Amino acid sequence: YKSYLRVAVVFAPIWFLANFAFNLSLTSASVASNSILSNTSSLWTMILSSIVLNEQIGFIKIVAVLFTIAGVALVAFTEPSSPDKGDSKSGDALALFSACCHACYTVLLRLRLPDSVHMPIFFGYVGLVTLIVGLPLLLLLDFAGIETLAVPSGKTLTLLIINAVIGTNISDVLWAKAVLLTSPVIATIGLSLTIPFGMISDILLSSKQFSILYTVGALFVLTGFILINSAEWVAVQMLTLVNKALGIRQPPPEVVPTEASEEELQCLTDRSDA
């Protein structure tokens, strides 16, 4: 597992910065701008995957990413506006920085980890590295008076543990496995499916009603996810339609000659003699 530790040493700081910047941006950026900028991670992931992993950026992929970002934007603007939180530019910059960090560690996973990786052990190493590096940092911030450390109450500690196990551990392990099984772009866009699935659960469980704009935004996100998963098939179908419209015939599939076995050669020899 030494290879896991080497990747975790690089992965953990980027992962920590992405989450820290995102949570810090919530204190100053509006809900709408935070949601839109943080979800541009799919765009940066697509660009970085093309540079580092040599993945092709096709027209369908671009459309899928734009559909996802547009859907998130529509949903974000239907949320009630929040009061001024201060310097919104710094909050927007932090949200954008978080999205770029997310793209970096997503592509890093696909580049450095094998498909057969034991993901819980890898994230255990990530947690260990974060604890070793982060604890002295927290003590330093407490000593400087920037961040005061305090022992949480029993209720708060219970909620933190539940959130760590379900909201962080399980979800991140499943997401990271999806990165290896599919691609960084597909896994990143898949995170936005919380919008349509959350809407469906609210309708079924609490009979909540949503505006037309929110519904269209959720459909945009779902469309983007479907497109990114069927990009290759859609490209082939579009090429076929264009060729038919232009009257271009598809060349027949090339037949690769194979060497005949000794039995087949003997059979042909017997037939010729007959």
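Tutor: Start with a cut-off: a disulfide is a pair of cysteine sulfur atoms within 2.5 Å. This is a predicted model. Searching the whole of the structure turns up 0 disulfides. Cys101 and Cys104 show why. The sulfur of Cys101 has its closest cysteine sulfur in Cys104, 6.1 Å away, so the two are too far apart for a bond. From the side of Cys104 the closest cysteine sulfur is that of Cys101, again at 6.1 Å. Their surroundings can be stated too. Cys101 is buried, at 8% relative accessibility. Cys104 is partly exposed, at 36%.

Now the pockets. The largest pocket has a volume of about 1,300 Å³. Its lining counts 29 residues. Nearest the centre lie Trp15, Phe16, Thr130, Leu138 and Leu160. H6 gives the most, with 12 residues. By class, the lining holds 17 nonpolar, 10 polar and 2 charged residues.

The second largest pocket holds about 1,000 Å³ of space. It is lined by 33 residues. Closest to its centre are Asn19, Phe22, His102, Tyr105 and Leu191. At least two lining residues come from each of H1, H2 (31–38), H3 (41–52), H4 (59–78), H5 (88–112), H7, H8 (184–190) and H9 (194–206). The lining of this second pocket divides into 14 nonpolar, 18 polar and 1 charged.

Tyr105 leads on to the rings. The count of aromatic pairs is 8. One of them joins Tyr105 and Trp175. The geometry is edge-to-face, with 5.7 Å centre to centre and 85° between the planes. Tyr105 sits in helix H5 and Trp175 in helix H7, so this pair ties together parts that are 70 residues apart in sequence. Both partners are buried: Tyr105 has 7% relative accessibility, and Trp175 has 8%. The pair belongs to a cluster in which ring pairs link Phe11, Tyr105, Phe122, Phe123 and Trp175.

Conventions. Residues are numbered from 1 along each chain as its sequence is written. This is a predicted model: local features need pLDDT of at least 70, side-chain atom pairs count only at pLDDT 80 or more; totals for chains, interfaces and linings use all residues. Side-chain values use heavy atoms; hydrogens and water are left out. Buried means under 20% relative accessible area, exposed over 50%, partly exposed in between (1.4 Å probe, protein chains only). On a 1 Å grid over the protein atoms alone, a cavity is a set of points where a 1.4 Å probe fits but cannot get out, and a pocket is an open set with protein on both sides within 12 Å along at least five of seven lines; lining residues have an atom within 4 Å of a point. Grid points are joined across faces, edges and corners, and a volume is the space filled by probe spheres set on the points. Helices (H or I, at least four residues) and strands (E, at least two) are DSSP runs, numbered from the N terminus. Ala, Val, Leu, Ile, Met, Phe, Trp, Tyr, Cys and Pro count as nonpolar, Asp, Glu, Lys and Arg as charged, and the others, Gly among them, as polar. Rings of Phe, Tyr and Trp (its six-membered ring) pair if their centres lie within 6.5 Å; planes under 30 degrees apart count as stacked, over 60 as edge-to-face and the rest as tilted.
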